[in-house]
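Here's a quick briefing to read with the model open in your viewer.

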Amino acid sequence: MVTNASLTANLARLIAASDPLRTPEAVELARRAIIDFLACTIAGSHDTGTLAVLDVFLPLAGHGDAILIGQGRTTDPFTAALVNGHAGHALDYDDVHPSVRGHPTTVILPALLAIARETPASALELVSAYIVGVETMSRLGLALGSKHYENGFHATATLGTIGAAAACAHLLKLKPETIAVALGLAATQSAGLRLQFGFDAKPLHAGLAARAGLTAVKLAAAGFNGSPDFLEGPIGFFAAYGAGAARPERAVEAWGEPWQIVSPGLILKEFPCCTATHCAAEAILSLRSEHAIDPAKIKAITATFPPGGDAALVVREPQTGVDGRFSVEYVIATGIIDGKLGIDVFSDHPVRPEIAALARLVERRHDETAPRMSNDPATRFTIVDVIFADGSKLSRRVSVLRGAQDLAAKFFDAAGSDPVWAKIPHTVLTMETRADLLDLLDALAANATESESIITQSVS
């Protein structure tokens, strides 16, 4: 029950008192999301942007035992949170949440893992903190409304600082009054613009948010002062970031009923590209599997979105596969020609001429009669129409993203077959104790000898 205290105080109290471990479904979904994040981070650990972040920050880093995933080394917690956050989002293969309209896990988990060794926390306590972080980020996303994103903010970054702080505060068992200050210190660092989509700066948003959230909690725990009511008032978070569309009460109403990780739930991505392309990707791949589509006979292709549904798709004429992550034109053309959309087609290589030619036939449209795209997953859809020179047409509408159907296959696609990672999925699916958490951290840091077959045996 929400009290008459300030909104920030109520939120802090909920973060401190939450016990999501009582909900087995939430715990199971959290375990799968952790596996998904680790796969994406391993794959992104050698992205050129991640390596540039390492080159800049590692010489300046302090000592510590926080793991740099995929690097075989440790560093201080703040640097680890930054680098791992960037790596987790580098390929745009990491999960998304509709209430956030962004990527929660790649901000929250890097902050938690960065301090996992320095706390006495068990594996289940880390899972609990992660679920609370997702809940915080999601409820704030619902409360802010859709204009925050539409006006150019990247919610992964702006909400991620607060979500990471909430998760770390829960893990460290801070008192509500300290949590309130930590949330305010996180919120004052909220930043990130969608104009950076398609550039190295987009995944950097996730890393900076993870580090900022951790910084906020460390400062608050040390007695550092800050506003205890960051959500309230004419210059509070909702007033500054909501653009007049905020509904502040949604930040705490129905907290954990159900947990946001359960409903509407995270989407573990099937394709390593912007989520706004995924309905189109599913549509074109299903059409291709059912029909013999000859690219030479295609006259035109249309992709119809709800108003604002392609806001994140800032690239129309991609020059490389990396550009293609934010181009529905590239996704549709590649889906038709290659029949798959794995990591390889979104790597930093020039777009093949036949794909570029087909992509130029794709026209975007908007159904102005449909509700505007928002945090409500019911507003999402894409209709793909393939029109042939003889006048015939194939059409498919997709409005529900199925997400990754085979987590084992995704783990292989993202992390590769190196046996160094083979124990990780099984460890995450079964971990409960402090010793189990240390086993996971050791697996992320040290070589393993078991074969890759453990992955397929462990992940259903």
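Where is Pro258 found? Pro258 sits in the loop between H12 and helix H13 (261-265). Keep in mind that this is a predicted model, so each value below is computed from it.

- As background, most peptide bonds are trans, and most residues other than glycine have a negative phi.
- Glu257 and Pro258 are joined by a cis peptide bond, with omega at about -5 degrees.
- A cis bond also runs from Ser263 to Pro264, where omega is near 5 degrees; Pro264 has its place in helix H13.
- Ala243 is not a glycine, yet its phi is positive, at about 55 degrees. You'll find Ala243 in the loop between H12 and H13, and at 33% relative accessibility it counts as partly exposed.
- Ala254 is another non-glycine with a positive phi, this time of about 60 degrees. Ala254 is also placed in the loop between H12 and H13, and it is partly exposed, with a relative accessible area of 37%.

**Helix H3 against helix H4**

- A pair of packed helices is described by the angle between the axes and the distance between them.
- For helix H3 (residues 48-57) and helix H4 (residues 77-89), the axes come within 9 Å and cross at roughly 165 degrees. Angles over 145 degrees count as roughly antiparallel, so that is how H3 runs relative to H4.
- The crossing of H3 past H4 is right-handed.
- On the H3 side, the contact uses Gly49, Thr50, Val53, Leu54 and Phe57; they meet Thr79, Leu82, Val83, His86 and Ala87 in H4.
- By class, the residues of this H3 and H4 contact are six nonpolar and four polar, with no charged ones.

**Helix H5 against helix H11**

- Helix H5 (residues 105-114) packs on helix H11 (residues 201-221) at an angle of about 45 degrees, and their axes are 8 Å apart. H5 and H11 are therefore oblique to each other.
- H5 also makes a right-handed crossing as it passes H11.
- Thr106, Val107, Pro110, Ala111 and Ala114 are what H5 brings to the contact, where they meet Ala206, Ala209, Ala210 and Leu214 of H11.
- The H5 and H11 contact comes out as eight nonpolar residues, one polar and no charged.

**Helix H1 and its cover**

- Which residues of helix H1 (residues 7-17) are buried? They are Leu7, Thr8, Asn10, Leu11, Ala12, Leu14 and Ile15.
- The cover over those buried H1 residues includes helix H6 (123-144), helix H9 (160-171), helix H10 (176-187) and helix H12 (237-241).

**Aromatic pairs**

- How many aromatic pairs does the structure hold? There are six.
- One of them is Phe237 with Phe238, an edge-to-face pair at 6.1 Å centre to centre and 65 degrees between the planes. Phe237 and Phe238 are both buried.
- Tyr330 and Phe346 have ring centres 5.8 Å apart and planes at 65 degrees, so this pair is edge-to-face too.
- Tyr330 belongs to helix H15 (residues 328-338) and Phe346 to the loop between H15 and helix H16 (353-359), so the pair ties together parts that are 16 residues apart in sequence.
- Tyr330 counts as buried at 2% relative accessibility, and Phe346 counts as buried at 1%.
- Ring pairs also link Phe153, Phe230, Phe237, Phe238 and Tyr241 into a cluster.

**Two single residues**

- Is Ile131 buried or exposed? Ile131 is buried, with a relative accessible area of 1%, and its place is in helix H6.
- Not counting residues up to four places away in sequence, Ile131 touches Pro20, Ala26, Val27, Ala30, Trp259 and Ile261.
- From Ile131 to Cys274, the separation is 143 residues in sequence and 23 Å in space, C-alpha to C-alpha.
- Thr430 has its place in helix H18 (residues 424-430) and is partly exposed, with a relative accessible area of 41%.
- Leaving aside neighbours within four places in sequence, Thr430 is in contact with Arg31 and Asp436.
- Thr430 and Leu174 lie 256 residues apart in sequence and 27 Å apart in space, C-alpha to C-alpha.

Conventions: Residues are numbered from 1 along each chain as its sequence is written. This is a predicted model: local features need pLDDT of at least 70, side-chain atom pairs count only at pLDDT 80 or more; totals for chains, interfaces and linings use all residues. Side-chain values use heavy atoms; hydrogens and water are left out. Axes are lines fitted to C-alpha atoms, for helices over the stretch in contact, and angles run from 0 to 180 degrees between N-to-C directions. Helices (H or I, at least four residues) and strands (E, at least two) are DSSP runs, numbered from the N terminus. Angles under 35 degrees count as roughly parallel, over 145 as roughly antiparallel, 65 to 115 as roughly perpendicular and the rest as oblique. A crossing is left-handed if the near helix is turned anticlockwise from the far one by less than a right angle, and right-handed if clockwise. Contact means heavy atoms within 4.5 Å. Ala, Val, Leu, Ile, Met, Phe, Trp, Tyr, Cys and Pro count as nonpolar, Asp, Glu, Lys and Arg as charged, and the others, Gly among them, as polar. Buried means under 20% relative accessible area, exposed over 50%, partly exposed in between (1.4 Å probe, protein chains only). Rings of Phe, Tyr and Trp (its six-membered ring) pair if their centres lie within 6.5 Å; planes under 30 degrees apart count as stacked, over 60 as edge-to-face and the rest as tilted.
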